[in-house]
Amino acid sequence: MAASGTGVSWKARLRCALLRGTPQGLQGAGRCASVDAAKSGHSRPGADNPIHSHSPGNSSVSFARVCAMQISFRGKKVVVTGASRGIGWSIALAFATEGADVAICARGAQGLEAAEVELRRHGGAVFAMPCDLAEASAPASFVAGAVKALDGIDILVNNASGIGMRDDESGWRAGIDVDLMATVRATQTAIPFMEKAGGGVIINISSISGFRAVPRTLPYAAVKAALINYTMGQGLALAPKRIRVNAIAPGSIEFPGGVWDNRKASDPQLYQRTLDGIPWGRFGTPEEIARVALFLASEMGSWVTGQTIVVDGGQLLASRTGPSATLPAS
Ligand code: NAP
């Protein structure tokens with residue numbers, strides 16, 4: 001798989017993980033492969049797709065079929081904001097690798113162009129638009145342009161962040177304009193197209209900062225918390241339209257040129273303290289977020305809506321538990 005460099009596709013890995021250790025696993029995996037090869041598409045994300053494996057007699061075949069069908073994104077139209085590097089890029093690449101047509105945006109034209117070239121190698125249609133999502137009209141222009149270029153939208157991933165760190169006018173402006181309002185505006189633009197098509201999936205990228213007090217980055221934490229609430233509300237509001245809305249709250253993610261890679265040099269103490277606070281003993285990778293996005297967008301997540309999935313190696317739990325975690329049980 002290109003995204004993680006292992007040479008194994010997302011679909012195959014997720015399917016293996018699901019089937020591994022079950023008596024019917026190997027047999028089922030074989031069936032998965034043939035079903036998948038024969039299949040050119042699958043039901044819309046968000047559409048009802050009952051799994052006929054309720055009784056012991058028919059569980060292995062139908063579950064294997066369901067796995068194969070529901071992780072495919074062939075022909076799906078996926079729009080990802082802020083996707084020239086990091087988490088957004090990994091998400092766009094994961095979908096493209098699984099056969100989706102993908103639209104991406106970023107401010108920097110050079111990074112965007114490199115991302116576009118790479119995505120095109122996977123064979124699907126690609127739309128790339130340089131824009132600054134902080135500008136009020138940009139999210140709608142990007143999503144509308146993507147819908148036109150890809151001929152629809154099945155999945156919207158609101159990933160870009162203004163990374164508003166400082167408790168001053170510019171910090172709050174960046175957080176509100178990009179994390180929050182660009183998400184709202186892109187979502188508002190996407191909804192009528194998804195509704196007309198019979199359903200869709202929206203994924204908002206929040207942060208574990210949205211679940212806890214972070215005095216060092218007040219605007220960032222506050223807008224990420226707002227996204228979690230917005231996700232709950234929209235999950236309910238859009239259920240009748242068969243549009244599922246979920247969020248991912250990543251913990252600290254490290255990749256070359258990313259925020260934690262930079263902090264390793266600029267603030268090694270903070271970097272080390274953060275690392276020490278992750279029970280899993282390492283930073284996360286963008287691919288680990290992308291895999292959860294694939295799950296949420298697939299039919300595997302067909303009844304998940306309004307939720308925020310924390311993906312952090314235990315970082316949030318550890319930060320809430322604090323020193324008492326080491327005390328003897330009382
Ligand atoms: P990143 O390295 O800063 O990349 C963000 C992407 O968005 C880039 O492609 C960037 O390209 C684009 N972008 C930024 N501002 C934009 C704007 N105003 N208009 C259009 N595009 C814009 O971010 P990341 O670390 O991958 O994080 C992605 C998401 O995950 C964010 O929502 C972030 O808050 C969240 N998250 C990250 C971490 C972490 O540890 N990295 C942890 C928790 C949550 P240009 O700069 O060229 O515009």
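Me: Which residues come nearest to the ligand?
Reply: In this predicted model, Gly82, Gly86, Arg107, Gly108 and Ser161 come nearest, out of 28 residues around the ligand. Two or more residues of the shell come from each of helix H4 (86-97), strand S2 (101-106) and helix H9 (259-266).

Me: Which element gives the most to that shell, and what classes of residue does the shell have?
Reply: H4 gives the most, with three residues. By class, the shell has 14 nonpolar, eleven polar and three charged residues.

Me: In which sense do S1 and S2 run, and how many bridges join them?
Reply: S1 and S2 run parallel and are joined by four bridges.

Me: What other pairing does S1 have with S4 as partner, and over how many bridges?
Reply: S1 and S4 pair in the parallel sense over three bridges. Within this pairing, Val78 has Ile155 of S4 as its bridge partner.

Me: How many bridges join S6 to S7, and which residue is the partner of Ala247?
Reply: Four bridges join S6 to S7, and these strands run parallel. The bridge partner of Ala247 is Thr308 in S7.

Me: Is Ile208 buried or exposed, and what does Ile208 touch?
Reply: Burial is read here from a count of neighbouring C-beta atoms. Ile208 has 22 other C-beta atoms within 10 Å, and is therefore buried. Ile208 lies in the loop between strand S5 (200-205) and H8. Leaving aside residues up to four places away in sequence, Ile208 touches Ala249, Gly251, Val310, Asp312, Gln315 and Leu316. The C-alpha atoms of Ile208 and Leu316 are separated by 6.3 Å, although these residues are 108 residues apart along the chain.

Me: Which phi value does Ile163 have, and where is Ile163 found?
Reply: Ile163 has a positive phi of about 45 degrees although this residue is not a glycine. Ile163 is found in the loop between strand S4 (155-158) and helix H7 (169-197). With 14 other C-beta atoms within 10 Å, Ile163 is partly exposed.

Me: What are the phi value and the location of Arg242?
Reply: Arg242, likewise not a glycine, has a positive phi of about 60 degrees. Arg242 is in the loop between helix H8 (218-238) and strand S6 (243-250). Arg242 is partly exposed, since 19 other C-beta atoms lie within 10 Å.

Me: What is the mean pLDDT of the protein, and where is the pLDDT below 50?
Reply: The mean pLDDT is 85, and 76% of the residues reach 70 or more. Over residues 1-8 the pLDDT is below 50, and this stretch has 16 contacts in the model beyond near neighbours in sequence. The pLDDT also stays under 50 over residues 13-53, for which the model has 72 contacts beyond four places in sequence.

Note on methods. Residues numbered from 1 in each chain as written. Predicted model: local features only at pLDDT ≥ 70, side-chain atom pairs only at ≥ 80, totals over all residues. Near = placed C-beta within 6 Å. Nonpolar A, V, L, I, M, F, W, Y, C, P; charged D, E, K, R; others polar. pLDDT = per-residue confidence, 0-100. Contact = placed C-beta atoms within 7 Å. Buried ≥ 20, exposed ≤ 12 C-beta atoms within 10 Å, placed from the backbone. Pairing = 2+ DSSP bridges.
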